Amino acid sequence: MTPIIVFSVITGYFGLLMLISYLTSRKSDNDTFFTGNRKSPWYLVAYGMVGASLSGVTFISVPGEVANTGWTYLQFVLGNIVGYVIIAFVLIPLFYKLNLISIYEYLKDRFGLKSYRTGASFFLISQTIGASFRLFLAAIVLQIAFFDSFGIPFWVTVLVTISLIWLYTFRGGIKTIVWTDTIQTTFLLLAVTISIIVILSQLNLSFDDAIKLVTTSPKSKLFEWDWLSDRNFFKTFTAGIFITIAMNGLDQNVMQKNLTCKNVKDAQKNILWFSITFLISTLLFLILGVLLYQYALANNIPIPERTDDLYPLLALNYFGLLAGIVFLLGIIAAAFSSADSALTALTTSFCIDILNIRKTKTVQKKTRLYVHIGFTMLMFLVIIVFNSFNDASVVSAVFKVAGFTYGPILGLYSFGLITRKKVKDKLVPLICIIAPILSIILNYNSEKWFNGFKFGFEILIVNAILTMLGLWLITIKPKTSLN
């Protein structure tokens, strides 16, 4: 692919997003930005959420990672499905009943102001890091495909990418994102489908041949029963449930989209249909992963040291022009779909939870604009820092970080929903700092302390339990009557 073709694809795609932004942001206000005026069709939200959930992590890392972990990632996704059911029937009704803009407002009513600010702060940290990791991955592909040809440094690539995202989201906010996500999901699924078709065509494989190849490949190993492994089925499946609850049900980024639906029933239908589509999409990416390695083997193509580089290498250099263009659209969609909603959610949470903007509409709009710009700049800086030391698979890095930062949020909500106990609100921030620190210590010493046992994604559950134990220690005893 020539730089001119790449530039044309990026320009055309961005033009389409700007058109959608213009159509959806007319007569917009803060309600439009924060809640989409609660008028989004549930099926549109469900379809669009697939692209945001897949993001660059699934798009690039999951196919490449099959060489190291097979299909064991699907154990995690099966747990995700159970988590989505819990979100649909426990959290969605609660948030709609309370009529929340930011889901962390629940913590203020349940425990107090310090707990409320603590939950929101951990979300801000989690989302900033997670979204930056995902955008970093996509920026690398754009750097290789276009910017390197002109000697443009990586920091300029990141700045241009994140500036484009800011441009089409700063007015319409979540209403714009609900619609742009549908376009981005379409390009993501087109990319993986066309890539599979191209591989089958070039290797002269029929559909039946492909099924046989995938099912008999050692890279398709699904279940891991070794208890000491961090990929053990029970550990991974259970972690999938609770990570979904924490990173989707208790995440302003995801729940902000759900809360744009007209009512509880529509939001529940959205979650359930989305979970089914997400499972099918993940299966496609795992199938693609096996086929990518088979293609490289058949054509004597050296496997890159970083598994994340395999899919971009083949799509941009071996699959032909059409597949290369669709792949490029897919990775741009992955970058934009994760970062645009993250910027909107971060802006919403900071404005509502931290600044508590309740002034005139003019002041609110200006404040929201400044906050939006601020988080754009912050994500840019985090990506540049991450680029300076990254040496791990992005799919692992994202969930490892999330295991430590989402744990306190999960612990706070679990304690609030399961018990009726009150806590000493001023001590909650301390508990939520101590729990992740203890989790990190356990994670890095588990093999030595527990006879070879290695934590995986389930470290989030440990983190949440430690948070709940800490909250139990600071509960307020009910006053006894003197009668």
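Where does Trp 71 lie? Trp 71 sits in the loop between helix 3 (42-69) and helix 4. This is a predicted model, in which local features need pLDDT of at least 70, side-chain atom pairs count only at pLDDT 80 or more, and totals for chains, interfaces and linings use all residues. Residues are numbered from 1 along each chain as its sequence is written, and side-chain values use heavy atoms, with hydrogens and water left out.

**Whole chain**
- The protein chain has 19 helices and zero strands; helices (H or I, at least four residues) and strands (E, at least two) are DSSP runs, numbered from the N terminus.
- Of the 483 residues in the protein chain, 59% are buried, where buried means under 20% relative accessible area, exposed over 50%, and partly exposed in between (1.4 Å probe, protein chains only).
- Among contacts (heavy atoms within 4.5 Å) with a separation of 6 or more, 85% are between residues 24 or more positions apart.

**Trp 71**
- Trp 71 is buried, with a relative accessible area of 11%.
- Leaving out residues up to four places away in sequence, Trp 71 touches Val 66, Val 214, Lys 219, Ser 220, Lys 221, Leu 222, Leu 283, Leu 286, Ile 287 and Val 290.
- Leu 283 is 212 residues from Trp 71 in sequence, and their C-alpha atoms are 9.0 Å apart in space.

**Helix 4 and helix 10**
- The axes of helix 4 (residues 73-98) and helix 10 (residues 233-249) come within 7 Å and cross at roughly 35°; axes are lines fitted to C-alpha atoms, for helices over the stretch in contact, and angles run from 0 to 180 degrees between N-to-C directions.
- The residues of this contact comprise 14 nonpolar, nine polar and no charged; Ala, Val, Leu, Ile, Met, Phe, Trp, Tyr, Cys and Pro count as nonpolar, Asp, Glu, Lys and Arg as charged, and the others, Gly among them, as polar.

**Helix 18**
- Helix 18 (residues 428-449) has a kink of about 40° centred on Asn 443, the bend at a residue being the angle between axes fitted to the seven residues ending there and the seven starting there.
- Asn 443 is also one of the buried residues of helix 18, which include Val 428, Ile 431 and Cys 432.
- Asn 451, which follows helix 18, has a positive phi, near 55°.

**Helix 19**
- The 15 residues of helix 19 (residues 459-473) should span 21 Å at 1.5 Å a residue, and the end C-alpha atoms are 21 Å apart, which agrees; the expected span is 1.5 Å times one less than the number of residues.
- Buried residues of helix 19 include Ile 459, Asn 463 and Leu 471.
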